[in-house]
Structure formats: structure tokens, C-alpha cells
Amino acid sequence: MSADRADTRRALLEAVERVRATVAAGADEAERLRTLPPTTVAALRDSGLLGLKLPAVLGGAEADPVTQIEVIEALTAVDASAGWCLMVGATTGSLPGVFLGDDAVRVIFDGGTMPLAAGCYMPTGHAVAAPGGVRVTGRWAFASGIRHAAWVSGTAWVVRDGAKTDERRVFVLRTGEVEIHDTWHVAGLRGTGSCDFSVNDLFVPEAFTWDIERAPPKRGGPLYRLGLPGFVTNEHAAFALGVARRALDAVSALAATKSRGLKPSPLAGRATFQRFLGEAELRLRAARALAV
């Protein structure tokens, strides 16, 4: 990606357009599989979109927060599950590249490629300090994209000398080391595959962990000093904007095929419908203006 913001923004939005047809074609299959189909995953990976939040020194876009909003919004408007998995995959794939040391990064970013990643940053487990690392036990919910991820991150409270501390550490594991629980039976965002995962007394080397509160970024610029939740707040706004855009477009298209009234006429031509649609459009534009 170019160091120039305009060039980076243009390249990322062009990448969304390149994957549009593939993502749209895979949306129904994602609903059926309850996870993104391989064709969609490959399109996101090969397009470079998953590098949206990755430091430039590792080959990522290191896109500014407003560009992130525009890119996630655009893909979400094509398919909400794909947009959500882009959001999660870009974050969980980039943070190890920001905070882990060179040895761990060489393993995770094997061959200099962006890993497919998933994870959860709620500390719903504990990590007992051990020589050279921690022994982790716990269960984490809503690991979107874990069915296609090669690496998964979780967060746990550190236990030292038998006592829980106020230290929260993120750990990164190969997905094959965790147990995935088939919990994602839902009505909405079914294609995200947001299953639970767990581990039991699993040793994680210290090199594959970092302190989520205190660790300074090892790579990248000001973007990575936002901290949490600042690093992810904008992307959740982007997802909401994309879903709203898709909803309004769908309603508008449907209205042209539906008729109402004693003398049935297309819903799209009725003043009441136009009023509510216009009000919804204004609300969406106002929300977007506040976000970007």
C-alpha cells in the first residue's frame, strides 16, 4: 500500500469492488454453512483487505480510522457476514503483528503473509504464570471466523502465586490447539461462524502473549497507540452503517415489486412510503457524517 492516504483508500475500495461478485455469490452459502465459504475467504485473503489494519512494515495498509470505516462499510453493504468477518479478521490478524516480538511474528506471519485469524478480547479465562510462559484455561465466546482461521487470540487474567492479578494478557494459538464448540445457531449473521472456543491447562510461550493494558506497540505508527476500545470503535460504526445501507437498498428494491391500496399501486410510488424512506436515508447520512 502507498504511504499516501488517498492512494491507500482508493486501492482498498477498489479491492472491495474486485471481490464484490464473489462475496455476493457466497452469501447464501455462508448462511447455509454457518461460516464463510472457502471462495469468500480466499477472495478476502487474496485481495489484501485483511491487511486493512496491519502495520505497513509488515506489508499491511495501516489504514487510518476513517478509511477503515469506508472499507468495512462498503463490504458490509454487499454481505453483512463477510463485512463482520473482515472487521474481526483484520483486527485479530493485525494486533499480534503490532505487539509481539520478531520471533513470534516470523512464525505467525509465515512467509510474510497475513494470517487468517479470529479471537476474543474478553478475559473469560485465566493464565497461570509458569516458567517461560503461562498455562491457560478458559472458554471464549463469539470467535467470528474461527472456522477458517489459522490463528486464534484470547485474553485471560494472569494468576501468580495462586492469586488472580489485575494483569490481562492476550495469547495467540494455532487454531488446531483449541477446541471449537458448535454454538453458532442463530438468526442473524449466521455466516460469521462465531463459535465458542476453549483450552484447558495449555502452555503458551511468553513470546506469544502480551499485556493488553501496558504493552507498547513494537511496530506501526500512531494508529496503534489508540488502545482498546478505541482501536475497534470505528469499525463497529462502519459495520452498522453498511448494514443500514444494505437494508435501505433492499427495501427500495422490494417496494418496486409490492402493491398496496384499494386500487393497488406500487409501494414505491406511495407518498407515505417515500416519506419514511426519505427520513431513514437522512438519518443514515447524518450518522455517517458523525462517524467520518
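**Strand pairing, aromatic contacts and pockets**

Strand S5 is joined to strand S8 (residues 209-211) by 3 bridges, and the two strands run antiparallel. Within this pairing, Val170 stands opposite Trp210 of S8. The model described here is a predicted one. An antiparallel arrangement is also found between strand S4 (residues 151-160) and strand S5 (residues 163-174), which are connected by 9 bridges. In that pairing Val152 has Leu173 of S5 as its bridge partner. The hairpin formed by S4 and S5 has 2 residues between the strands, and in this hairpin Asp161 adopts a positive phi near 55°.

Aromatic side chains were examined next. A pair of aromatic rings is described by the distance of the centres and the angle of the planes. The count of such pairs in the model comes to 7. In one of them, the ring centres of Trp140 and Phe171 are 5.2 Å apart and the planes lie at 70°, so the pair is classed as edge-to-face, the angle being over 60 degrees. Trp140, Phe171 and Phe197 form one aromatic cluster.

The largest pocket holds about 450 Å³ of space, and its lining consists of 19 residues, of which Gly119, Cys120, Tyr121, Val232 and His236 lie nearest its centre. At least two lining residues are supplied by each of helix H4 (80-99), strand S3 (133-143) and helix H6 (230-255), and H4 gives the most, with 5 residues. By class, the lining of the largest pocket comprises 12 nonpolar, 5 polar and 2 charged residues. The second largest pocket holds about 250 Å³ of space and is lined by 16 residues, with Phe99, Ile212, Tyr224, Gly227 and Leu228 lying nearest its centre. H4 and S8 each supply at least two residues of this second lining, which is made up of 11 nonpolar, 1 polar and 4 charged residues.

Two buried residues in helices complete the description. Gln68 lies in helix H3 (residues 65-78) and has a relative accessible area of 0%, so this residue is buried. When residues up to four places away in sequence are not counted, Gln68 touches Leu52, Lys53, Ala63, Leu223, Asn234 and Ala238. Ser47 is found in helix H2 (residues 38-47) and, with a relative accessible area of 13%, falls under the 20% limit and is therefore buried. Leaving aside neighbours within four places in sequence, Ser47 is in contact with Ala15, Arg18 and Val19.

Key. Residues are numbered from 1 along each chain as its sequence is written. This is a predicted model: local features need pLDDT of at least 70, side-chain atom pairs count only at pLDDT 80 or more; totals for chains, interfaces and linings use all residues. Side-chain values use heavy atoms; hydrogens and water are left out. Helices (H or I, at least four residues) and strands (E, at least two) are DSSP runs, numbered from the N terminus. Buried means under 20% relative accessible area, exposed over 50%, partly exposed in between (1.4 Å probe, protein chains only). Contact means heavy atoms within 4.5 Å. Two strands pair if DSSP finds at least two bridges between them. On a 1 Å grid over the protein atoms alone, a cavity is a set of points where a 1.4 Å probe fits but cannot get out, and a pocket is an open set with protein on both sides within 12 Å along at least five of seven lines; lining residues have an atom within 4 Å of a point. Grid points are joined across faces, edges and corners, and a volume is the space filled by probe spheres set on the points. Ala, Val, Leu, Ile, Met, Phe, Trp, Tyr, Cys and Pro count as nonpolar, Asp, Glu, Lys and Arg as charged, and the others, Gly among them, as polar. Rings of Phe, Tyr and Trp (its six-membered ring) pair if their centres lie within 6.5 Å; planes under 30 degrees apart count as stacked, over 60 as edge-to-face and the rest as tilted.
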